[in-house]
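Me: I am new to this structure. Could you take me through it in short questions and answers?

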2 protein chains.
Amino acid sequence: MAVSQPVKRGRPSTAKLSEQNIAEAALDIIDERGWSALTMNALATRLNVRAPSLYHHIEGQHDLINLVRALIVSEIETESLASLDWEEATRVFGMSYYRAFLAHPNAIQILSVTPIDDRATFQMYEAFLSALDRAGWAAERALEVLVGLEYLALGSAYEANASEMMLNAQRAEDNGAPVLAKFLRARSDSDSLVEEVFVHLLDDFIRMFKSERDRAASS
Amino acid sequence: MAVSQPVKRGRPSTAKLSEQNIAEAALDIIDERGWSALTMNALATRLNVRAPSLYHHIEGQHDLINLVRALIVSEIETESLASLDWEEATRVFGMSYYRAFLAHPNAIQILSVTPIDDRATFQMYEAFLSALDRAGWAAERALEVLVGLEYLALGSAYEANASEMMLNAQRAEDNGAPVLAKFLRARSDSDSLVEEVFVHLLDDFIRMFKSERDRAASS
DNA sequence: ACCTGAACACCGTTCAAGT
DNA sequence: ACCTGAACACCGTTCAAGT
């Protein structure tokens, strides 16, 4: 009679876990089933391990979130920024920031409200702000550019994937909002490239700050 | 000997709960201790009731969130929009949208990712989009204005209260980001009125779309 | 050092029992 | 109709026991 294999106890000969593969598995779960599906149990199961094992490698949920952030941020272009003027730097940074999060829209909701606490993300901000600093931007305005850009990029990336769910045409109709319903349907019909919309907003955004600087310079 | 009062069982002579006071208590908890503190237990305790009682009045968490949304949205100006042109409508709507959420920054993170399912919110969108519709805006572009405006308003309102927490100058310093740290410190020193920053962004935003329309009209 | 099962204090939600 | 305690299946996290 075959006896069911007993679960091995104690330390395995080769470690199954690492910060790296934990972060990757976490991001996979977020991408596939949303942030709410990322429980310690689900994460452990995907890694063929029990939940308590995770605590030998990460400190808890907050730590886990910042590992996921570092993974996404690593896809953002920062090296070339040092050799560009502020307009080009803003465009390059904005586009790659947008693309990085467009690939992981489900991560946005949790990352946008968790305090930043990982080196990769600080270095990303530093690279972009240094470009503005070299161009002589004041602190207030430089941070406004950064924050405004983040809102547009994160908003557009989230919107591209989740707008159908947040604002549904049929529910709009049912709640006495025919104009909204008409607009929502017209958009989904045209089915435009979502990236085009962001490129458009990014252009407007840069032009807006450029014209302000030109006015200030000529006065 | 005084005997401890036994807890009353069964239906009380006058009902303790209603959708209204549940929603208000929920918003109070969110304002005071953040969204994560809004558990059914905490909510019930504040209303002098046990958690299961809530389910006689609300269907669950999703329902509760939309009740809170309706409460906040009720503070947004919509009546005057019908008599304004699109620029003024955008300014009035944007400002009151911003102010409504500035008063409840902790609600933003959950509301911005929960599908909209309450009449008050649909009616708010309808009022604003009707103003753009009357001005002849195309569906794509009108939704871009709405969505862009929401990001700027929600972002600024959240930022005004939580930016210290999200991006901390000392942590920036510790992670090798001196330019970011310098900018963050310069801003907190100047301590400008947060509303001024949003007014500035809102002006820029409207001008951005206006110049685009003017170009399109003259071609 | 690193994985495990057992245990703890919590969750949201259901439901029969009470008035 | 509406509030209650008990119960259910989950959470994240801690910790002693194993190798």
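Me: Is A:Thr90 buried or exposed?
Reply: This is a predicted model. A:Thr90 has a relative accessible area of 1%. Buried means under 20%, so the value puts A:Thr90 in the class buried.

Me: Which helix holds A:Thr90, and which residues does A:Thr90 touch, not counting residues up to four places away in sequence?
Reply: A:Thr90 is part of helix H4 of chain A, residues 86-102. Sequence neighbours up to four places away are left out of the count. The residues that A:Thr90 touches are then A:Phe128, A:Leu132, A:Leu149, A:Leu202 and A:Ile206.

Me: Is B:Glu79 buried or exposed?
Reply: B:Glu79 sits in the loop between helix H3 (61-73) and H4 of chain B. Its relative accessibility is 74%. Exposed means over 50%, so B:Glu79 counts as exposed.

Me: What separates the C-alpha atoms of B:Glu79 and B:Arg91?
Reply: Along the chain, B:Glu79 and B:Arg91 are 12 residues apart.

Me: Is B:Ala42 buried or exposed?
Reply: B:Ala42 belongs to helix H2 of chain B, residues 40-46. Its relative accessible area is 17%. The cut-off for buried is under 20%, so B:Ala42 is buried.

Me: Which residues is B:Ala42 in contact with, leaving aside its neighbours within four places in sequence?
Reply: B:Ile29 is 13 residues from B:Ala42 in sequence, yet their C-alpha atoms are 8.2 Å apart. With neighbours within four places set aside, the contacts of B:Ala42 are B:Ile29, B:Arg33 and B:Ala37.

Me: How many Å apart are the end C-alpha atoms of helix H10 of chain B, and what span should its 24 residues have?
Reply: H10 of chain B runs over residues 194-217. At 1.5 Å a residue, its 24 residues should span 34 Å. The model agrees, because the end C-alpha atoms are apart by 35 Å.

Me: What do the buried residues of H10(B) pack against?
Reply: The buried residues of H10(B) include B:Phe198, B:Leu201, B:Phe205 and B:Met208. B:Asp204 and B:Glu212 are also among them. Their partners come from both chains: helix H4 (86-102) and helix H7 (139-166) of chain B, with helix H7 (139-166) and helix H10 (194-217) of chain A.

Me: What area is buried between chain A and chain B?
Reply: Chain A brings 59 residues to the contact and chain B brings 60 residues. A:Phe122, A:Tyr151 and A:Phe183 supply 13% of the area that chain A buries against chain B, more than any other three residues. Carbon and sulfur atoms give 63% of the buried area, which is about 5,200 Å².

Me: What volume does the largest pocket have?
Reply: The lining has 31 residues, and A:Trp35, A:Ile110, A:Val113, B:Trp35 and B:Gln109 lie nearest the centre. By class, 17 are nonpolar, 13 polar and 1 charged. The volume of the largest pocket is about 910 Å³.

Methods
Residues are numbered from 1 along each chain as its sequence is written. Chains are lettered from A and ligands numbered from 1 in the order in which they are written. This is a predicted model: local features need pLDDT of at least 70, side-chain atom pairs count only at pLDDT 80 or more; totals for chains, interfaces and linings use all residues. Side-chain values use heavy atoms; hydrogens and water are left out. Helices (H or I, at least four residues) and strands (E, at least two) are DSSP runs, numbered from the N terminus. The expected span of a helix is 1.5 Å times one less than its number of residues. Buried means under 20% relative accessible area, exposed over 50%, partly exposed in between (1.4 Å probe, protein chains only). Contact means heavy atoms within 4.5 Å. On a 1 Å grid over the protein atoms alone, a cavity is a set of points where a 1.4 Å probe fits but cannot get out, and a pocket is an open set with protein on both sides within 12 Å along at least five of seven lines; lining residues have an atom within 4 Å of a point. Grid points are joined across faces, edges and corners, and a volume is the space filled by probe spheres set on the points. Ala, Val, Leu, Ile, Met, Phe, Trp, Tyr, Cys and Pro count as nonpolar, Asp, Glu, Lys and Arg as charged, and the others, Gly among them, as polar. Buried area is the accessible area (1.4 Å probe) that two parts lose on being put together, summed over both.
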